[in-house]
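Subject: Structure handover

Hello,

Please find the structure below, with its sequence. My notes come after it.

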Amino acid sequence: MRKQWLKMVLCSSLVATLLAGCGLMGGPTSNRDEQDSEQDYVDSSDASSKITLATGNPAVRDLWAQAEQARKAGDYDNAALTLERILRIAPDDAVIWSRLAEIRLMQGNSGQAENLAAKSNSMSLDNPLLNYRNWLIIARARKLAGNDVGAQEAEYTANSFRP
Amino acid sequence: MATAKSSKSGRSRRSRRRQAGKWRHGGTLRVAALTVLAVILLFGFLFCIYLDTEIRYKFEGRRWSLPARVYARPLELFVGQKFGKADLLQELSFLNYRAGKDAPGTFRELPNVLLLRTRGFTFWDGKEPARDLLIRFDDGRISEILDNGTASELQLLRLEPAHIANIYPAQKEDRDLVRLEEVPPLLLHTLVEVEDQNFYGHHGVRPTSILRALVANIRAGEAVQGGSTLTQQLVKNFFLNNERTFRRKIIEAMMALLLELHYDKNEILEAYINEVYLGQEGEQAIHGFALGSRFYFDRALSDLSVEQVALLVGLVNGPSYLNPQKHPERARQRRDVVLNIMQARGLIPESVAQKARLSPLSVRPEGSFAQSSYPAFIDFVKRQLTTHYREEDLRSEGLRIFTTLDPLVQKQAERALSRQLDRLRKRFKPREAEQLQGAVVVTSVDTGEVQAVVADHNPRYAGYNRALDARRPVGSLVKPAVYLAALQDSAEFNPSTIIKDDPLQLRYPDGNLWEPANYDKQYHGEVPLFHGLVYSYNAATVRLGLQIGIEKVIAVLRKMGLPYEPPSYPSLLLGSLELSPLEVSQLYQTLASSGFNMPLRSVREVLTADGMQLTRYPLNVEQTLDVSVVHQVNRMLQMVVEFGTASQAGKQLPELQAAGKTGTTDDLRDSWFAGFTGQHLAVVWLGRDDNQPAGLSGASGALPVWIDLMADIDTRPLQLAIPQNVEYVWINRQDGRRSAAKCDNVTRMPFIIGTGPASDHECGPSWFKRLFD
């Protein structure tokens, strides 16, 4: 129980950093440290802010805003519900799958986080930035699951997509 | 004297003794009387306690024995969506909307526009309010959703989901439970006015009417007269006993009094509304106004017209005698009596009463009532739920179950299957024709949600669920697994690798000889690997499978979602494997979602009766196969439809660029097709229940059902996302060698980068030269 809780805290803080760095909506952050690998992601924040929903569908955008609001409020259950609702309307958008992967990571569900990020990767072809994000999620998920070697491999792959 | 004295005293002693004896005797009597009285009182008291316990038990039990309400998926509408007016009208019919403008649940049709008054609905993630809407259509798309109430444009609208079934208690009893606030006030008032005018004034019984009844009964010599209050009627309904004795009457009256002691009028009325017996269909008793409304009028209680309310209330008096399906004239008379009362008591104005009296009974014809319109799907839902709940909970806790059923897709699947079976059955003698059956399963490619399940020529028939239970050999449907297993070894195999399609013989350990032959008994010698799948060559596939090893094929099948370990025989390579249509769907789902296994789901959410979330069934994906290998096989399956064994589909629906595979088993017993677009996966099986040859190949039996279905639903074309380590190469269709776009008879084929065919196919003169030829 306690272990689970610790994992959640650890995971949340890691993901918070990740999101701050590569958030779809997030702007550049000021706290940079070239030595710290966590902060490396932050370096890409300017580029990552270009990641947007592929769809121009206003309905999806409305729902996306709802999901974001829930996520920011820490209401991951509702964020996931809304993202799944979007996937039924616009399943082709790899960004949605990636965000759902992040939410699952926040919820401590490393298995689904990794698989959903992989699914997002399988759909995002000419989008190295999204691949980069997804591989970072996979790295975090593996770390959370105690697979340090796998996490390192994923980080290595992530860096190969680094913008 | 002494004697006299003594005699006197003796007399008086005797008298005293007598007196004392009398006293003693009187005391005993009194004690006895008191004891008897006490015993009677005690028994009476105990009997009262017994009655009290029993009636409370019944009341509470009934009150909480809510069946689970099962809903279809809610339809989401958004601006820009490919969705025509006819589609929406169809959906509205599932939601029991009717033409009109006066109430929620009505619509009006104008050119290119639907005016809609929605009912509103509370979902697991919030409330969708009742709205007054204008929806505009242009070119088969939604171009505008306007909320007239707020004069604002909506981007997204979620309609209320269709209520598709209730999961009922085991006894043959059917009911739709409603809360008092869901009951139209007109019905409540009419009921009270007609059945028990003083309902809110009495304490469960009306002494005057009991007396009147008693007098009438004594005159008649037996218990005949009613005079029951609603409370007494409710008690009578609880015990479903038509015995007409004084004893029964008195017990009923006592129970009614006790009931009133414990519960308030509204609770009693609500129980009555849900309990009242209103008719019978076969073994099934119809209880409650909500179910009665659906049973007689095919309508929700809230949508009843004045004359329908009158008829329903009128039926309480004698559901069998007044049965409007059997005795329309009696029913009409009774209805008009109720309408007169409604008018006399000021519930409706004269004009309305007048109009209502002139309207026909409009009841649903006898024998057409189905407990669920989607028995095969509901069966699947129940099975999925029973892995999470005890069956009693499902049946008694009033859960709200939100499923994945898409009634629009379901309807087209039913229609497509029935049409094909009707066509094919003409070939058979009548008795054999009955044997020809089929099943269809449709799922969402992206989410693994099951949108339709059809398991019988008659989709309302709640019998053998072929979609779930008919495990049949799958024939060539197994082939993609063989090619996946081969292509996993990219050093050894690619789509153009030459394999042999020659006759072969295998001797089993038991000495039996197996000679897998091609469907048309023709052999093709050396062919590129993809021909084996695209043209479904048996000999080539068996050779390939034996070369890579059957165990590897089994491993792939397991990764695709095969629920059990099959025996490792060479005949597996040609689909001796027996699977149900649903299990085939699970396997092909993994292909359709590029190597991600997704457990097929029929349920999204389960809420408690008061809207609390009980269980979610979230989207789950698991990557089990390499995306690029699956991509190659999916491209080959596209070719199956383009120019292979299912080219009929490619010709009729070229824009879908669908992928799929036909399957035919020995002696044409089973006819299969499994195929997917960018949005829907559908698996179709046709065959005979007696497992005799149906005379159908996959292409002649199941495929036309698939085509018919996909032609009629809105579905996105399949656009295979190209994995990063895959490149497309133009190859010659005949020999699989590298070619060029300009050449004839070429196609684009995916290869893992660096593994494409080296040698070029000479395509002769260039297009430029041919232009002048």
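Predicted model: local features only at pLDDT ≥ 70, side-chain atom pairs only at ≥ 80, totals over all residues.

Chain A has 9 helices and 0 strands, so its pattern along the sequence reads α-α-α-α-α-α-α-α-α. Of its 163 residues, 45% count as buried. Among the contacts in chain A with a separation of 6 or more, 50% are between residues 24 or more positions apart.

In chain B, helix 2 runs over residues 85-94, and its buried residues include B:Leu88, B:Glu91 and B:Leu92. These residues are on the same side of the helix, because they cover an arc of only 100° around the axis. The elements that cover them include strand 4 (106-110), strand 5 (113-117), strand 8 (132-138) and helix 14 (407-425), which also belong to chain B. Just after helix 2, B:Asn96 has a positive phi of about 60°.

Helix 21 of chain B spans residues 581-592, which is 12 residues. From first C-alpha to last it reaches 16 Å, close to the 16 Å expected at 1.5 Å a residue. Helix 21 is largely enclosed by the rest of the structure, because 12 of its 12 residues are buried. B:Ser594 follows helix 21, and its phi is positive, near 60°.

Regards

Terms used:
Residues numbered from 1 in each chain as written. Chains lettered and ligands numbered in written order. Helix = DSSP H or I, 4+ residues; strand = E, 2+ residues; numbered from the N terminus. Buried ≥ 20, exposed ≤ 12 C-beta atoms within 10 Å, placed from the backbone. Contact = placed C-beta atoms within 7 Å. Arc of directions from axis to C-beta. Expected span 1.5 Å × (residues − 1).
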